Amino acid sequence: MRVFKMLRKMKFCPCLSGLSMLQLFLVIFVLFMTVPLVTHYYISNIGGDTEQQRYLSRSKLDYDKADLDPLKPSKLESEINDLQRIKVSVNNELRTLESKRQKIRTEISGYEAHVEALRTQYESLNKEMNQVKLALEQLKLEKEDAVLQYIPNIKAPQRILTDLNLDVNEIIPKPTSILSQSCRMHTCFDYSICSLVSRFPIFVYNSQEVLTDSFEINEFVASSVIKVFGKNAYITEESYSACIYILVVGELENQNFDKSALESMLHNLPYWHGDGRNHVLINLASNIHNIDILSGINTGRAIVVQSAFIDSVYRTGFDLVIPPLIEELADGPVWQELPPLAPVRRKYFISFRGQSISPPQNQGKFFDSFNEGLYKINQHNQNQFRRRLKSVSDVPTIVSIETQIVQALKDMVVKMPQEVHIALSCDKGSPEGVMSEWALCGTKEQRSEILKESTFSILVAPNNFSIVSTTGFQTRLSESLKYGAVPIILGTHVTLPYSEILDWDKAVVFLPTARVTEIFFFLRTFTDNDISFFRHRGRFIWETYFATTENIIDSALAVLRTRLQIPPRPVKAEPAPSVFNASFIPLKYNGPETEPETDEFLGPKEERFASEEFKRNYTKFFFRDSFNQPGDPFHLYPYTPIDPLLSADARFLGSGFGYRPIGHGVGGAGKEFSESLGGNVQREQFTIVMLTYEREEVLMNALKRLKYLPFLNRVIVVWNNQIPPSVELRWPDIGVPLNIVKTAKNSLNNRFLPFDIIETEAVLSIDDDAHLRHDEIIFGFRVWREERDRVVGFPGRFHTWDVKNKSWLYNSNYSCELSMVLTGAAFYHKYYAYLYTYSMPQAIRDKVDEYTNCEDIAMNFLVSHITRKPPIKVTSRWTFRCPGCPQTLSSDDSHFQERHQCINFFVKVYGYMPLLFTQYRVDSVLFKTRLPHDKQKCFKYI
C-alpha cells in the first residue's frame with residue numbers, strides 16, 4: 001500500500017491518478033503477465049530466422065522438426081560427421097594445450113630445482129667461504145704463535161769428559177777422613193761425568209769376580225741382583241762413559257771377615273780413582289741378622305746403600321736407607337700375597353709383638369757385659385753403641401724410655417683386652433737385634449697372621465737416638481705395610497727408606513715416644529676414611545718400592561737419578577705394523593659419500609698436528625709427585641693427564657701459545673663457540689682407535705661416517721683377525737691417515753696398546769658398530785679436555801653388591817648412578833694405555849684374554865684406581881643399536897656371567913673395589929636454554 005501511495009505522490013503516470021487502488025493493482029498484474037510472453041515469442045522468432053545460429057548451448061541443440069524428419073537421413077549423417085570432426089578437433093586442441101601445460105610445469109619445476117640447487121650451492125659456498133676465513137684466521141693465529149713463542153735454541157750440551165791422562169786428584173782433591181764422614185752430593189760427587197742428557201749410564205761390577213772367596217754373597221741376593229741388573233735399561237758395558245759405578249757387597253754369607261781386606265779390595269777397584277767418587281756400595285739385607293759390613297772401613301766418596309745405619313756413619317742426603325728383602329722374590333706379581341684392604345676396622349685395634357733388648361740393670365757392669373756379647377749383638381753394633389754411650393749416665397735415659405713404653409702398653413691390655421694384641425716378650429729363644437731396639441718375635445708367618453687382623457701396628461724406634469735405622473725395624477715396617485696394619489711409629493728420630501722421594505706422612509703415623517700414654521685416644525680420632533687412606537697408601541708403597549729385589553734396586557737408582565736432575569728413560573711405545581704388505585696398495589672407495597647427519601658447523605678445518613711430547617723432562621717437583629701417586633714412577637711418559645694449568649690472565653699476557661679462547665677472549669654463543677676450542681688447555685686433536693673382527697662391511701660404513709670430522713688427527717683400525725682383509729675391499733678416503741694395524745694375536749687388550757703412531761694425548765676408543773654423530777663425538781672431546789684424567793664416554797654401566805653371596809655384580813640396567821663408561825665409545829688419555837699395557841697387573845690382562853671380555857671393565861678399574869674419581873658420561877645415549885650387524889659377543893648368554901666374575905677377580909688383584917659412583921651426566925651449556933633469535937646454541941641436539 002505504501003508503494004502505491006508513493007506512486008501517486010510522485011505522479012509517475014498522470015493516467016493512473018484517477019484509478020482506484022484495486023484498479024491499479026489489476027493493471028500492474030496484467031502487465032506482469034503479458035510482457036514475459038511477448039518477449040519470449042519475439043526471441044523465438046528471431047532464432048528461427050537464422051540458419052547459422054541453431055546452436056543455443058554447448059550441451060543441447062535445438063533442431064526444427066523438418067531436420068528430424070526420418071525421410072532425410074543423409075542430412076542427419078552429415079550433421080553427425082560434422083559434430084565428430086568438431087569433437088576430434090576440440091580434443092586435439094585440448095591435448096595440445098595439456099601438453100603445453102605439462103611442458104610449462106616441467107620447465108617451472110626445473111627452474112625451481114635449479115633455484116634450489118643454486119641456493120644450496122650458495123649456502124655451501126658461503127659455508128666453505130666462512131670455513132676458509134676461519135682457516136685463514138687459524139693460520140694467522142698459528143703465525144702469531146710462531147712469532148710470539150719463546151723458543152730458546154736448545155742444544156744438548158757437550159758432555160764434559162776428563163782427560164784420561166790427567167790425575168783425577170787435580171779435578172777433585174782426595175778427601176780426608178773428616179771430609180768423607182761429612183760427604184754431601186755437592187762436595188763428594190763428580191757431576192762432570194753425569195750430564196743432564198747422559199741418560200744416567202750405570203756400570204755394575206761383577207761381584208763374583210771382584211770379591212774374593214771370603215766375601216761370598218748370599219745365593220738369593222746374588223742371583224736376584226744379576227737378574228735385575230741384567231734387564232735394567234741404564235746398564236752400560238762402557239765403563240768410561242758411566243755416570244755411577246755399582247758394587248753389591250752384601251748380604252755376605254760369612255759375617256766374620258777381615259775388614260782391612262775388604263777395604264783394600266774396594267780401594268783397588270778399577271775405577272775407584274783413589275777416593276771412590278761416583279761409586280755406590282749396596283748391602284742388601286735378606287734377614288734381620290744383616291749387619292753394616294762397611295762400618296770402620298774408609299769408603300771415601302762412595303755412596304753407601306743399606307738398611308742399617310747409625311748417625312756417626314750415615315751421611316744425610318748422600319747415603320741411602322733401603323728396605324730389607326723380606327720376600328725372596330726377584331721380580332713378578334705380588335698381589336696374591338696381600339690381604340684385602342676391607343674391612344677397614346679389623347679384629348684388633350692395635351697390635352704389637354716384641355721384646356726390648358735393654359742394657360743390664362747393673363749399670364756399672366754394662367760395658368763389661370756388652371763386650372762379653374751376652375745379648376748376641378755383633379761386634380760392629382757393640383762398637384757403635386759404645387761410641388754413642390760415652391758414659392754410664394746415658395743408660396738410665398734409655399731404661400726410662402723403655403719403662404714408660406712397657407707400662408703404657410700393659411695399661412692398654414688391662415683396659416681394652418679385647419681390642420689390642422700386645423706381647424712384650426718372645427715365647428722362645430733369646431731376642432736378636434741391636435741393643436736398645438725391640439726385637440722381632442715369632443716367625444714371619446706368625447707375625448703376618450696378627451698383622452692381617454690388626455687395624456694399627458705399633459713400631460717402637462730404637463731407644464738409642466744415635467741409631468738411624470736397623471734391619472729389624474725396617475723389617476717390622478715392611479711387614480706392617482704389606483699386611484695392611486697402619487704403622488704407628490713411636491720415635492721421630494728414625495729414617496725411613498727413600499725418604500727423599502716418598503711422602504711418608506700419608507702412609508705412616510709418627511708420634512713422639514712421650515705420646516705413648518695418649519696413643520689409644522689419638523688413634524680413636526681416626527675415621528674409617530682416614531684409616532682406609534693410610535692403608536691404601538701403605539700398600540701402594542710396599543707394592544711399588546718394597547716387594548721385590550727389582551723394586552728395591554729400581555727405587556734406589558731412582559733416588560740417585562733424581563738427585564742429579566736426570567729424567568728417567570722414556571717408556572717404550574708399541575710398534576704398529578701394517579696388515580698389508582709393503583708392496584700392496586689397497587683399493588680406494590669411489591662411491592657416493594655418506595650424507596652428514598647434521599648440518600652444524602662443529603669446528604675449523606685445520607692441518608694435522610701432534611701433541612707436544614716430553615714437555616716436563618727436567619721439572620724436579622714433577623718427579624717427586626710421580627713417586628707418590630699410583631702408576632709407574634720409573635719411566636718418563638710423553639705426556640700425563642695431570643699437568644698444571646696456566647692462569648687465564650697469563651694466556652693474554654705473553655703465554656698464549658697454542659690457546660684458542662672463544663671469540664678471541666670476548667666469549668660468545670654457538671657461532672663463536674664452534675670456531676674455537678677454548679677451554680683451559682692448548683688446542684689439540686684426537687686419534688680414533690677402532691677395534692674390529694670379521695665385520696668388513698660394518699667397518700667400511702663406520703669409516704665412511706668419519707669423513708670431515710673436525711679435530712681428527714688419525715684413525716687406527718686394530719685388525720684383530722689373524723686373516724688379513726680381503727684384497728677386494730675398498731677403503732674410503734676420510735681426509736686423515738688411516739692405519740690398519742696387524743696384531744700378534746686376537747686379544748681385546750689390543751684395544752689399549754700405546755701405538756707409536758698415536759701422536760695425540762686424546763684417544764677415542766670406539767667399536768666398529770658404535771654409531772656416533774659428529775656432534776656427539778666433538779662434544780665428548782670438548783668435555784674430555786676439561787676432565788683429562790678421567791674416562792669420558794657414552795654408554796654407562798655400574799656395579800652392584802650381591803648381599804646374599806657377598807660379592808660384586810655387573811649391571812647394565814637404566815640407573816640414576818653409574819661407575820663405568822664402556823670403552824666401545826669413550827675418550828681416554830694415552831697415558832692410561834701405557835699403564836694398561838705395562839704397569840697394570842698381568843693377571844688382569846690374562847683374565848681378559850681368558851674370557852675374551854672385560855677389557856672395558858679393566859680400563860675403568862685402572863683409571864679409577866689411579867685417580868680415585870668416577871668416569872664421566874656425556875649425552876643421553878645408554879646403548880648402541882646396529883641394525884643388520886652380525887651377532888656380537890655381548891649378546892651371548894655367558895657375557896654377563898663372565899663380567900660378574902671379572903669384577904670380583906679384579907677386586908682381588910687390587911685388594912679393594914676402586915670403582916666410584918657418579919650421579920650426573922654432562923650436556924652442553926646452553927642445552928634447553930631459551931635464546932634470542934640472533935644467538936645459536938653450542939650444539940643443536942646436545
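Strand β3 and strand β4 (residues 303–306) run parallel and are joined by 3 bridges; strands, like helices, are DSSP runs numbered from the N terminus (strands E, at least two residues; helices H or I, at least four), and two strands pair if DSSP finds at least two bridges between them. Within this pairing, I282 stands opposite V305 of β4. The model is predicted, with local features requiring pLDDT of at least 70 and side-chain atom pairs pLDDT 80 or more, whereas totals for chains, interfaces and linings use all residues. Residues are numbered from 1 along each chain as its sequence is written, and side-chain values use heavy atoms, without hydrogens and water.

Strand β3 also pairs with β2 (residues 244–250), in the parallel sense over 5 bridges. H279 is the bridge partner of Y245. From β2 the chain passes through helix α8 (residues 259–267) to β3 in a right-handed β-α-β crossover (clockwise from the first strand over the helix to the second, with the strands pointing away from the viewer). Because 5 of the 5 residues of β3 (residues 279–283) are buried, the strand is largely enclosed by the rest of the structure (buried: under 20% relative accessible area; exposed: over 50%; partly exposed: in between; 1.4 Å probe, protein chains only).

The structure holds 39 salt bridges, each a side-chain nitrogen of Lys or Arg within 4 Å of a carboxyl oxygen of Asp or Glu.

| Salt bridge | N to O distance |
|---|---|
| R301 and D275 | 2.8 Å |
| R345 and D528 | 2.6 Å |
| R695 and D769 | 3.5 Å |

R301 is buried at 3% relative accessible area, and D275 is buried at 1%. R345, by contrast, is partly exposed at 35%, as is D528 at 37%.
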